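I set out to look up the aromatic contacts and the surface of this model. My entries follow in the order in which I made them.

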Amino acid sequence: MRLLAGAGILAGMLLVAFLFLQGGALDASATEAARRLLPARSDWSAAAPGAVAACLTLLFALLAGRVLRAVRAIEAEEVATRRRLAAERERFENLARLTGDWLWEADRQGRYTFVTGAVATYTGRSPAQCLGFPVSSFLPPEGALELDGLLATPPAPPGAHVEYQTWCAQPDGREACLALTAGPLRDRQGHWSGWQGICRDVTEAAHDREALRLAKEEAEDAALDLERAATRANEMAVAAEAASTAKSAFLATMSHEIRTPMNGVIGMAALLLETGLDARQQEYAQVIQTSAENLLLLLNDILDVSKIEAGRVDLEEIDCDPRELADSVLELLAVKAQEKNLTLAAVIDPDVPALIRGDPTRLRQVLINLVGNALKFTAAGEVVIRMGVDVGEAEPDLQVAVADTGIGIRQDRLDTLFEAFTQVDTSTTRVYGGTGLGLAISRRLVEMMGGSIGVTSRPGEGSTFRFRIPLRAAAGGATSPRSVAADRARAIWRDAEAAIEVANAATAAAIAAHLSTLGLRCRAGDGAACAPPAVGRRRIVVTDDPAAAAGRTTMPDDLILACVPAREWAALPPGVGALTVPVRFGQLVDRLAPVGKAGDVAGFAADVAATVADLLDLAEAKILLVDDNLINRKVALGLLGRLGLSADVAVDGREALAAFKRGRHDIILMDCMMPMMDGYEATRRLRRLEGGGRVVVVAMTANALEGDRKRCLEAGMDDYLPKPLRREALAAALAAGADRLRARDAATEPAGAT
Ligand code: ADP
């Protein structure tokens, strides 16, 4: 039995072995073999152990088959997994290659355990050559040391990375900026086992960053520079403002300090000249006065230049009448022209508007300077102002020319003439005097007005100075008394024509231009006055020969105007009107459309008489003179004496108030700058003291700068007289004061009083 069982076992084992060798596919034959191996039912008891063994063998065989199948499946799976891994790896490497980055893993010592192909680009070594070498081996020694240090320990907080960036030389020789990012690798237990990282070429980004940094730095530097420049500009502006203020203060002081003694010199010389001197003394006194006058002109010019240089001249923008401007210049310089027996005329085109926009004071200053020069440098002949409008391509210009028949200017000096302190040659200075500042001031003023100035000249024949400024229309609707009078003259003489019989061509042209402006048709020249006027027309005859004019038969409605010097006015035949030479537009308009003093052709003389009458009135008035300077007091008292007037005296504001309390004066001539109490304060107190505001206070000051007048009026003064004092100006101020007094007294007289 035992033998049978052993055989069974052996057979089973053989079968198992066989089946094992045949694999799972032999399951059926194994079953069959097992059946054969099993003993018949009748032998069951004897064969039981063998059967058990056979069963076990069978079972074992079955199990072995299963195991075999499982092993084969696992093997297939493993192969598939390996293939998949290889594909994954290939894909990964392809992707890694595409990025150009080099990916790596390293052990805890920082030595490569894995690295992608891109490493070769940056280190010149293949991945295989890199394995086992430190990741830092691509760096120069100090960089390597630094990176080794970073990779020696894992980063402290979980999830942290090591970031390292450096510039290093590449195998191709170029410098590249490489950025390394590494994270720790951990084993299943979470222990740090090494590194996993990526190296990337960030050269371009680094360049961009560097460029950005540089640009930012530059921008910051520029901002800093700008800030510094702004600070500096501010400091300079403050310094300039301080300097300008100091300069203005200096100018004001200098002007005041020089004017005070000048007042003494000019005033005393004027008084001296009226004291019956012999011829030599008269000449000496005259020289003193002329020199002092010149010194004063120089002072004014220097002040003007300084003000223009300091940018302290603000041009006015008001409506002004160009003809009135020319009239005032003629009026001022007529005496000078007469002294030299020169013709002076202003020919103003009818198309020059009645009103323009600009600064009349400064325009007048330029004109006075040019005409003054022309008169100065002309010995015989004429000085003619011409004004016209040039309708150019762009904006129209007002053109002004001043032509003379004087000494002329050398061609080579024309360019520098408008520079300050320039004169054609110093010998002319000795002969004619002057500072060389007038033209420089004129040019600056004309340029400030947006215009230009120039000169043409021929030595021995004369010079023509021309300036042009943009012609700006007057503000709409504005009219001047002058234009109202001109309109009236136009209406009165609507149906008239004019005949001009004046020998001097410039004067005749000036009259013709004025009459055309008034809408009159003119005929000029010899016999013009004899030609009969058109039927039904009245006639205006302007002649320089009053006797001839008077002898002519004129129609009853004719107006005869004689253009003769004032001294001949008295001898004019009755009915003949008078015109002064140079002929002024305003005077012509007055003659054609007289207002108030209708028919009073010698209105000028009447004005003079009125002034004298006013002064006679003043002989009754009580005058108080307040000035701290002895010489100034003497000058003022002397001038008052020449006008037949006297005055009480006070030497400062306090004394003035005390004197007024005692004397109740009518007119006070008040100096402004005085010790103890100045004229402004004294006037303010005086106004409070008297209550009614009757007393007339006339400022008398050497502060001749712009704004001084305003300051005086604000302090409560009525009028302003700049020093040096002139007799005419003093007389005019006193006459105006007398008018004021009369008006104030009339206003306060009780109703019904006679
Ligand atoms: P000033 O007349 O005070 O010397 P300006 O600046 O007005 O100063 O003139 C400068 C110079 O130009 C004069 O000194 C003179 O030599 C020359 N000049 C100016 N106007 C004329 C003129 N109309 N005829 C000749 N020379 C002139």
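**Aromatic pairs**

I note that the model is predicted.

I looked up Trp102 and Phe138, which form an edge-to-face pair at 5.0 Å centre to centre, with 85° between the planes. This pair links distant parts of the chain, since the two residues are 36 residues apart. Trp102 belongs to strand 1 (residues 102-107), whereas Phe138 lies in the loop between helix 5 (127-130) and helix 6 (141-151).

Next I examined Trp104 and Tyr112, an edge-to-face pair with 6.4 Å between centres and 85° between the planes. Both of these residues are buried.

I also traced a cluster in which ring pairs link Trp102, Tyr122 and Phe138.

**Charges over rings**

I found the charged end of Arg125 over the ring of Phe133, 5.8 Å from its centre. I recorded a further case at Tyr680, where Arg711 lies over the face, 4.0 Å from the ring centre.

**Surface patch**

Which residues form a nonpolar patch on the surface? I noted Val52, Leu56, Leu59, Leu62 and Leu63, with about 470 Å² of accessible area together. Val52 is found in helix 3 (residues 44-99). Val52 is partly exposed because its relative accessible area is 47%, which falls between the limits of 20% and 50%.

Methods. Residues are numbered from 1 along each chain as its sequence is written. This is a predicted model: local features need pLDDT of at least 70, side-chain atom pairs count only at pLDDT 80 or more; totals for chains, interfaces and linings use all residues. Side-chain values use heavy atoms; hydrogens and water are left out. Patches are made of residues with over 30% relative accessible area and no salt bridge: like charges are joined within 9 Å, nonpolar side chains (Val, Leu, Ile, Met, Phe, Trp, Tyr) within 5 Å. Accessible areas come from the Shrake-Rupley method with a 1.4 Å probe; for residues, only the protein chains shown count as cover. A salt bridge is a side-chain nitrogen of Lys or Arg within 4 Å of a carboxyl oxygen of Asp or Glu. Helices (H or I, at least four residues) and strands (E, at least two) are DSSP runs, numbered from the N terminus. Buried means under 20% relative accessible area, exposed over 50%, partly exposed in between (1.4 Å probe, protein chains only). Rings of Phe, Tyr and Trp (its six-membered ring) pair if their centres lie within 6.5 Å; planes under 30 degrees apart count as stacked, over 60 as edge-to-face and the rest as tilted. A charge sits over a ring if NZ of Lys or CZ of Arg is within 6 Å of the ring centre and within 35 degrees of the ring normal.
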